[in-house]
Amino acid sequence: MFDAKPIITSIQVAGISNAIDVLRLDLVHPLISGNKWYKLKYNLQEAQKNGYKELLSFGGAYSNHLHALAYAAHLHGMKSIGIVRGETLENPTLDDCRQWGMQLHTFSRQKYRMKKEPQILNELHAQFPEAYIIPEGGDNEDGLKGCREILMGIDLSEYDVIACAVGTGTTLCGIADTVPDHIKVLGFAAMKNDSTLREHIHKRSSHPDIHLVFDEIFGGFGRLTSELQAYMHQFIKEYGFELDRVYTAKMMANLTALFAAGSLDASARVLAIHTGGLQGNRSLSGR
Ligand SMILES: *Cc1c(COP(=O)(O)O)cnc(C)c1O
């Protein structure tokens, strides 16, 4: 889909001896959120190989995944269908999706929780018989396969720790597959403690030094506290680039906190992955 040259921005954080290298997937494409592009790559190929001309997937109202999928489908002359959690279809994210030809449908929160159940999938297959169904967040084998390409072209011998934000964990596990065993892999979950996610990750990754860190600083998934907003503002002011409110801001804040707590050695050399998602920050002004 694209040939991205890795772009790394080094930032100096107080209390940490080495600069933190940030891999800027947010710069991979002006419209498509970094890691979503990788997760869609082989899903798209698979759909096309099997003759599908429509893609269907799921997401929240500010979903980076639906946003990327709508654009990718548009780019490849395919139709797309987005199943959106909740009631509203009016926001800048979904306006973009519609503009790229995505047909949007809502699922109540209750029904959305059941979207992986055979009964619901059968219903969707009946309603959209031409559509290739991709799980929420591109969380499948093809998604993992694409994420194994994220660190291509990067000299990993320069790092002790790789840090990545976690939603479904597809990105983290794909990356971990390509990281040598002696490098610590840290996944920063955007939610509070969730044992299902931990199991899901350990089932899919065989990396011996992979750990999940749950967000204890800013509250639950998608929560927008004044502390989070202040942190994001301060970060831009200090380092000149933006973090997204759901994932990467929490990753950077929790990563810094691990250093401060002494859980990471002050001399550890870190590569942190900026997974993009900045389009979702438009929800900040929409409230
Ligand atoms: C979707 C997303 C993630 C989470 O990716 P998973 O593969 O689902 O864990 C992380 N960061 C950003 C910016 C995202 O949009």
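Some housekeeping. Residues are numbered from 1 along each chain as its sequence is written, and side-chain values use heavy atoms, with hydrogens and water left out. Because the model is predicted, local features need pLDDT of at least 70 and side-chain atom pairs count only at pLDDT 80 or more, while totals for chains, interfaces and linings use all residues.

Okay, the ligand. There are 17 residues around it, and K36, K39, T168, T171 and T275 come nearest; being near takes a heavy atom within 4 Å. By class, the shell has 3 nonpolar, 11 polar and 3 charged residues (Ala, Val, Leu, Ile, Met, Phe, Trp, Tyr, Cys and Pro are nonpolar, Asp, Glu, Lys and Arg charged, the others, Gly among them, polar). The largest share, 3 residues, comes from α1.

Now the polar contacts, meaning N or O pairs within 3.5 Å. T171 puts a polar side-chain atom 2.6 Å from a ligand oxygen. G167 uses a backbone N or O atom, 2.7 Å from an oxygen of the ligand, and for a backbone N or O of G169 the figure is 2.8 Å. So how much of the ligand does the protein bury? The ligand alone exposes 380 Å², and 97% of that is buried (Shrake-Rupley areas, 1.4 Å probe).

Last up, the helices. L228, Y231, M232 and F235 in α9 meet A249, K250, M252, A253 and T256 in α10, where contact means heavy atoms within 4.5 Å. That contact has 7 nonpolar, 1 polar and 1 charged residues.

Technical notes. Helix = DSSP H or I, 4+ residues; strand = E, 2+ residues; numbered from the N terminus. Polar contact = N/O pair within 3.5 Å; in protein donor to acceptor, adjacent residues only side chain to side chain.
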